[in-house]
Structure formats: C-alpha cells, structure tokens
Amino acid sequence: MADALPEEAASRRIVWSETVLVLALSLGASAVSALISFVGSLTKPGGLKDQAATLNGSYAPDRPWLDLAWQLFGITTALVPVALVAHLLIREGAGLRTIGFDRTRPRFDLGRGTLVAAGIGSAGLAFYLVARASGFNLTVVPESLPDVWWKFPVLILSAVQNSVVEEVIVVGYLLRRLGQLGWTPMAALAASSVLRASYHLYQGIGGFIGNLVMGVVFVLLYRRWGRVGPLVVAHALLDIGAFVGYALLAGKVGWLPTP
C-alpha cells in the first residue's frame with residue numbers, strides 16, 4: 001500500500017503534463033493568442049464593432065494555387081493534435097471510440113447533431129447581431145477568400161476541421177483527463193466551457209459569452225449521450241452555415257454586418 005502512493009502521484013503528474021502539452025499544442029495556445037488579440041482590439045482607437053476579425057483569409061490572394069496549398073496545409077496541420085489525442089487514448093487502451101468519435105452510430109450522430117445545430121444556429125446569430133450592435137463584439141468576417149473554384153470546398157473543410165479539433169479535445173479528451181485527475185463534474189464543465197470561450201475572445205466579449213454558453217450545453221449533451229459525434233456534426237453544420245452563408249450573402253442583405 002505504501003508503494004502505491006508514489007506510483008499514483010507519478011501517474012497523476014503524467015496525466016497533468018500530458019494534458020497541458022496537448023492544450024499547449026492546440027486550443028490552449030489559441031486561447032492565449034485570442035487574449036492577446038482582444039487586448040490589442042481594446043486598446044486600438046475606435047469601438048470593437050468598427051474592427052473586424054477574419055476567420056478564413058487568403059494567404060496569397062493573387063496566386064490561387066499557392067493559396068490553395070497554404071489553405072490545405074493549415075487545415076491538415078491543425079488536425080495533428082487530434083491525431084496525438086487518438087494516439088494517447090490508444091496507448092491508454094481506450095481509443096477515440098471511448099469518447100464517441102467513431103462510425104458506430106452514424107444516424108444518431110447526424111440526427112442529434114442536426115437538431116442541435118438548428119437550435120443553436122438561429123439563437124447564436126441573433127446574439128451576435130445584438131452583441132455587435134451594443135459594441136461588445138468585433139465584426140466577424142467568416143471568410144475573405146478570392147472567388148476561385150476551391151473556395152467553397154476549402155470553407156467546408158475548414159468548418160469540419162474546426163469541429164473535430166474543438167469537440168474531440170475540449171469536450172471528449174479534456175473531460176476524460178480531468179475526471180481521471182479527480183475533478184468534480186461541475187469543475188470540469190466550467191474548465192471546458194471557459195476554455196472554449198477563451199479561444200473565441202478575439203471576436204470580443206459577445207464571442208466569449210456566446211461560446212461559454214455553447215460550451216456548457218455541449219458538455220451537458222456529451223454527458224447525456226456519451227458521444228462527441230453529434231457535437232462534431234452540430235459544430236460542423238454551424239460553421240458551414242456561417243462560412244458559406246457569409247460568402248453567399250455578404251453585401252447582398254442589409255442585416256449582415258460587413259467591414
């Protein structure tokens with residue numbers, strides 16, 4: 001029994017260090033970047049709504065093939081932390097199936113995910129418009145890509161990449177590791193939700209609050225269903241709607257803010 005305590009402490013240190021490293025390579029680093037960006041926006045002359053936050057921009061506007069190469073490179077490398085999480089879970093003897101990121105229940109994932117996206121999408125858009133009009137949010141520009149043949153496929157791939165990275169790491173992986181570290185369900189929910197809100201802070205206070213609420217809802221749904229699959233579907237549909245919708249409607253409807 002006496003020998004088990006140092007071994008347990010060592011195991012906890014390993015889980016802690018592993019978790020910190022995964023976050024430092026992914027959304028934890030994004031949270032720090034978003035905080036720096038937000039401070040820059042706050043200290044810049046003019047209100048937040050007079051500034052813009054672009055989500056999918058061009059790397060080489062006048063060189064479409066080079067731009068495409070950079071877009072695909074960015075999308076692919078952003079998924080590396082998910083591959084790392086899969087590797088770590090497999091070493092643990094679990095794998096991604098243990099967090100419900102597999103193909104065992106495709107109809108369930110698609111059906112529940114679509115319902116969640118429908119419920120959150122309209123409310124989220126309304127909240128963003130109110131937050132921006134109130135001066136609490138930057139003008140979010142979901143895309144500013146050139147009008148080339150690969151524009152919409154890249155936007156869809158970007159949306160899917162965002163959803164996989166965020167839901168696998170911030171919900172499935174993080175909640176599992178915090179549970180192993182002895183965190184209470186409420187503390188783990190708060191940590192996951194605040195992290196999600198933090199890496200959206202570059203959008204402004206509205207982006208922080210909106211994603212905080214979304215984080216709470218997603219954690220509760222994950223605990224109910226035991227799967228991140230529906231959350232990935234919901235997040236992907238929300239981002240596809242935002243990216244593609246903006247590309248089709250920007251400058252054509254009066255209610256959609258543009259820079």
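Reader: What kind of model is it, and what should I know about the values?
Author: This is a predicted model, where local features need pLDDT of at least 70, side-chain atom pairs count only at pLDDT 80 or more, and totals for chains, interfaces and linings use all residues. Residues are numbered from 1 along each chain as its sequence is written, and side-chain values use heavy atoms, with hydrogens and water left out.

Reader: How many helices and strands?
Author: The protein chain has 9 helices and 2 strands. Both are DSSP runs numbered from the N terminus: helices are H or I with at least four residues, strands are E with at least two. The pattern along the sequence is α-α-β-α-α-α-β-α-α-α-α.

Reader: How far does the C-alpha trace span?
Author: About 70 × 40 × 35 Å along the principal axes of the protein chain. Buried residues make up 44% of the 259 residues.

Reader: Back to Trp 70. Which residues share an aromatic cluster with Trp 70?
Author: Tyr 59 and Phe 73 form one aromatic cluster with Trp 70. Rings of Phe, Tyr and Trp (its six-membered ring) pair if their centres lie within 6.5 Å; planes under 30 degrees apart count as stacked, over 60 as edge-to-face, and the rest as tilted.

Reader: How many aromatic pairs are there?
Author: The structure holds 5. One of them joins Trp 16 and Trp 183, and this pair is tilted, with 6.1 Å centre to centre and 55° between the planes.

Reader: Where do Trp 16 and Trp 183 sit?
Author: Trp 16 is in helix 1 (residues 4-24). Trp 183 is in the loop between helix 6 (151-180) and helix 7 (185-198). They are 167 residues apart, so the pair links distant parts of the chain. Trp 16 is partly exposed at 36% relative accessibility, and Trp 183 is partly exposed at 32%.

Reader: Why is the Trp 70 and Phe 73 pair edge-to-face?
Author: Because the planes are at 85°, with the ring centres 5.8 Å apart. Both residues lie in helix 3 (residues 64-78), 3 residues apart, about one turn of the helix. Phe 73 has a relative accessible area of 48%, so Phe 73 is partly exposed.

Reader: New topic. What sits over the ring of Phe 108?
Author: The charged end of Arg 105, 4.0 Å from the ring centre. The test is NZ of Lys or CZ of Arg within 6 Å of the ring centre and within 35 degrees of the ring normal.

Reader: Where is the kink in helix 6?
Author: The kink is centred on Leu 174, at about 35°. The bend at a residue is the angle between axes fitted to the seven residues ending there and the seven starting there.

Reader: Last one. What does Ser 41 touch?
Author: Leaving aside neighbours within four places in sequence, Ser 41 is in contact (heavy atoms within 4.5 Å) with Leu 48, Gln 51 and Leu 138. Ser 41 lies in helix 2 (residues 27-42) and counts as buried at 7% relative accessibility.

Technical notes: Buried means under 20% relative accessible area, exposed over 50%, partly exposed in between (1.4 Å probe, protein chains only).
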